[in-house]
Amino acid sequence: MGTFDELIHAPTRLSLVSLLAATDWADFRFLRDSAGLSDSALSKQLTTLEEAGYVEIRKSFVGKRPRTSARLTPQGHEAFAGHVAALQEIVARAGLAVLPQP
């Protein structure tokens, strides 16, 4: 049985976590462009996920240019998997509820 996660469920964070679940490390620009967010909005969402222990953020330099990357932590992967399972259960129950009774 999955656990519905209010933090992950917010549409922007759900989009980010699903992007991060499909990769090891994701570049800030990739996340920003894929989620259609401004730099500041993405930074705020990543900080929220980092504070929850779901995301690890790495800052480095490539030459003289700063580079920020993020990845899901094991706790983040577990929370996302639990949230997806909870959503699947909700959908399954709804599907059973709308089927005609024999």
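Predicted model: local features only at pLDDT ≥ 70, side-chain atom pairs only at ≥ 80, totals over all residues.
**Entry 1: the length of H4.** I then examined the helix itself, which covers residues 39-51 and has 13 residues. From its first C-alpha to its last, H4 reaches 18 Å, close to the 18 Å expected at 1.5 Å a residue.

Entry 2: Which residues of H4 are buried? I recorded Leu42, Gln45, Leu46 and Leu49. Because these buried residues fall within an arc of 100 degrees when H4 is seen down its axis, they line one face of the helix. The general rule for an α-helix is 3.6 residues a turn, so residues three or four places apart point the same way. On the other side of H4, I found Ser40, Lys44 and Glu51 exposed.

**Entry 3: packing partners.** I checked what the buried residues of H4 pack against. The helices are H1 (6-9), H2 (11-21) and H3 (28-35); the strands are E2 (55-62) and E3 (65-72).

**Entry 4: rings.** I searched for aromatic pairs and found zero in the structure. For Trp25, I noted that Arg58 lies over the face of the ring, at 3.9 Å from the ring centre.

Entry 5: I consulted UniProt, where an unreviewed entry places the feature "domain: Winged helix DNA-binding" at residues 13-91. Over residues 13-91, I recorded 61% helix and 23% strand. The end C-alpha atoms of that stretch are 20 Å apart.

Methods: Residues numbered from 1 in each chain as written. Heavy atoms only, no water. Helix = DSSP H or I, 4+ residues; strand = E, 2+ residues; numbered from the N terminus. Expected span 1.5 Å × (residues − 1). Buried < 20%, exposed > 50% of the residue type's maximum accessible area, 1.4 Å probe, protein only. Arc of directions from axis to C-beta. Contact = heavy atoms within 4.5 Å. Phe/Tyr/Trp six-rings, centres within 6.5 Å; stacked < 30°, edge-to-face > 60°. Lys NZ or Arg CZ within 6 Å of the ring centre and 35° of its normal. UniProt positions renumbered as here; feature names shortened; annotations may be inferred.
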